[in-house]
Amino acid sequence: MENLHGFVVAVIAFVVLIGVMVVVHEFGHFIVAKLFRVRVESFSIGFGPRLFGVKYGDTDYKVCLLPLGGYVAMTGEAMPGENMKLEADSKEEIEAYQRDPGALTSHPRWQRILIGLAGPVSNFILAFVLMGVYYWFFNEEPKDAIKQTVVEWVVPGSPAAQAGIHAGDIIRRFDSYDNPDWGMVGARMAVNPNQTVSGTIERNGQSMPVSLHVPAENAKTQETETTFAGMLAESYRGPIGVFKVQPDRPAERAGLQNGDQIQSVDGQQFHTVSTLLAYMQAYPGKQITLSVLRGGSPLTLTAQPSVQPGDTNWTLGFEWARPSMQMKPLPFGEAMVKSATFWKDNSTLILDMLKRLFTHKVGVSQLSGPVGIARLAGQAAEMEGYLPKFGLAAAISLNLGILNLMPFPILDGGMILLLLIEGAMQHDISLVVKERIYQAAFVVLVVFFAFIIFNDVTKLPIFTHLKP
């Protein structure tokens with residue numbers, strides 16, 4: 001976090017976001033367990049010491065000290081927790097659990113599998129509902145948005161330039177997706193680091209095949225790539241608006257004023273500040289000529305970009321006027337279709353990322369944990385519009401659902417796997433053995449969790465700015 005305000009916003013946004021995800025996930029387990037009359041001993045948001053809560057019936061509804069998850073504890077559930085502390089010689093205790101009609105182990109395996117599936121399914125439903133609500137009630141679009149995936153500019157010498165892609169090209173196919181938007185292009189690049197991806201572009205009405213070598217992502221910073229391997233997106237038309245000129249910076253010294261509109265840079269028409277920034281990085285220190293429209297009158301200014309202390313980017317020093325947005329809510333049916341498409345595309349992306357992770361095509365360092373999620377949540381909270389909030393929440397809910405289905409002990413998928421093994425064996429695995437498995441898995445999970453947090457911390461700006 002670069003400042004205290006950003007840190008506070010990120011922490012609050014993270015706690016709220018994860019809190020909602022966990023409540024929905026655990027409520028799925030809870031409601032199905034109650035449906036099958038399994039005794040739920042506690043419904044916890046967070047881990048560690050109990051802060052506050054209320055006991056109602058058999059269940060202790062509580063909030064704990066560490067807001068990094070939560071759990072539902074059911075009688076007879078073998079996990080390193082508060083309700084199962086069985087020793088190897090506690091045969092009488094085990095038999096008592098097995099005789100208890102309210103214990104999880106007293107219920108048929110198919111019911112226990114459904115209880116395990118209920119949490120991830122709840123996250124899948126939440127993601128679909130969130131995006132359905134967004135498209136039905138909001139669906140923000142720039143007033144002058146470009147629907148096609150048009151390349152605004154290509155960085156000289158970049159992988160895109162080497163692939164023969166030019167400004168004005170339209171991406172008609174990328175990887176396995178026809179007519180992708182820029183979000184999907186970026187997503188496919190994210191799962192294909194250091195790989196060659198085929199595609200099709202349209203230039204002057206003719207289709208041309210291209211092969212783009214995707215550069216390996218910077219696993220330490222994990223920042224959003226706005227250049228798309230050297231391609232800059234033409235997201236909307238119109239000049240670059242100047243919202244506020246910063247004092248004693250190149251923009252002010254060049255005579256740029258609030259309200260000006262930059263129509264071209266060195267004779268090239270740029271429509272987004274991302275392209276302008278990429279252009280200045282491609283030609284570091286180069287003096288640039290700005291064609292500006294001020295109050296309807298054209299004028300020409302000359303500016304000398306500079307690098308601020310502690311930074312590595314060449315800038316002019318002005319805040320850009322973001323494009324005017326408009327809400328175009330979709331009819332219910334179209335909103336649900338759009339939500340289903342979001343659900344499908346993002347689920348496919350997550351599964352593809354996991355596949356590449358296990359096949360060593362993507363490094364573990366590219367994963368984000370609590371600190372990384374907090375940064376994203378803080379950024380989304382401060383961004384204008386509803387899409388960053390709804391989109392991030394839906395994506396994290398999908399991630400949580402899919403990751404919990406992985407066949408690893410403690411996770412829902414691990415419990416389901418053990419139940420399937422028991423079904424094949426036609427007898428239960430000892431509760432003591434299960435507890436030992438969960439305890440070992442818990443240690444592995446804690447070590448992995450610590451690595452992810454360390455990896456997240458090394459991506460913070462305070463560390464990335466130390467790089468040469």
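Guide: Let's start with a rule: a salt bridge is a side-chain nitrogen of Lys or Arg within 4 Å of a carboxyl oxygen of Asp or Glu. By this rule the structure has 10 salt bridges. Keep in mind that this is a predicted model, where local features need pLDDT of at least 70, side-chain atom pairs count only at pLDDT 80 or more, and totals for chains, interfaces and linings use all residues. Residues are numbered from 1 along each chain as its sequence is written, and side-chain values use heavy atoms, with hydrogens and water left out.

Visitor: What makes D169 and R203 a salt bridge?
Guide: The closest N and O atoms of D169 and R203 are 2.8 Å apart, and the rule asks for within 4 Å, so the pair counts. The two come from distant parts of the chain, 34 residues apart: D169 is in the loop between helix 4 (159–162) and strand 5, R203 in strand 7. Helices (H or I, at least four residues) and strands (E, at least two) are DSSP runs, numbered from the N terminus.

Visitor: How do you know that strand 5 and strand 7 pair?
Guide: Two strands pair if DSSP finds at least two bridges between them. Strand 5 and strand 7 have four bridges and run antiparallel, so they pass. Strand 5 and strand 6 make a hairpin with two residues between them, and D175 in the turn has a positive phi of about 60°.

Visitor: Why are strand 6 and strand 8 said to stand at the edges?
Guide: The open sheet of four strands has the order 6-5-7-8, with antiparallel pairing. Strand 6 and strand 8 each have a single partner strand, so one side of each is left without a neighbour in the sheet. Helix 5 (residues 182–190) packs on this sheet, touching strand 5, strand 6 and strand 8, at about 45° to the direction of strand 5. Touching is contact, meaning heavy atoms within 4.5 Å. For the angle, axes are lines fitted to C-alpha atoms, for helices over the stretch in contact, and angles run from 0 to 180 degrees between N-to-C directions.

Visitor: How do you know which strands are at the edges of the five-stranded sheet?
Guide: That open sheet has the order 13-12-11-10-16, with antiparallel pairing. Strand 13 (297–303) and strand 16 (318–321) each pair on one side only. Inside the sheet, strand 10 (residues 240–245) and strand 11 (residues 261–265) have two bridges, with I240 opposite I262. Four bridges join strand 11 to strand 12, including S264 with S291.

Visitor: What does P142 touch?
Guide: P142, in strand 3 (residues 140–142), touches Y236, S324, M325 and Q326, not counting residues up to four places away in sequence. P142 and S324 are 182 residues apart in sequence and 5.8 Å apart in space, C-alpha to C-alpha.
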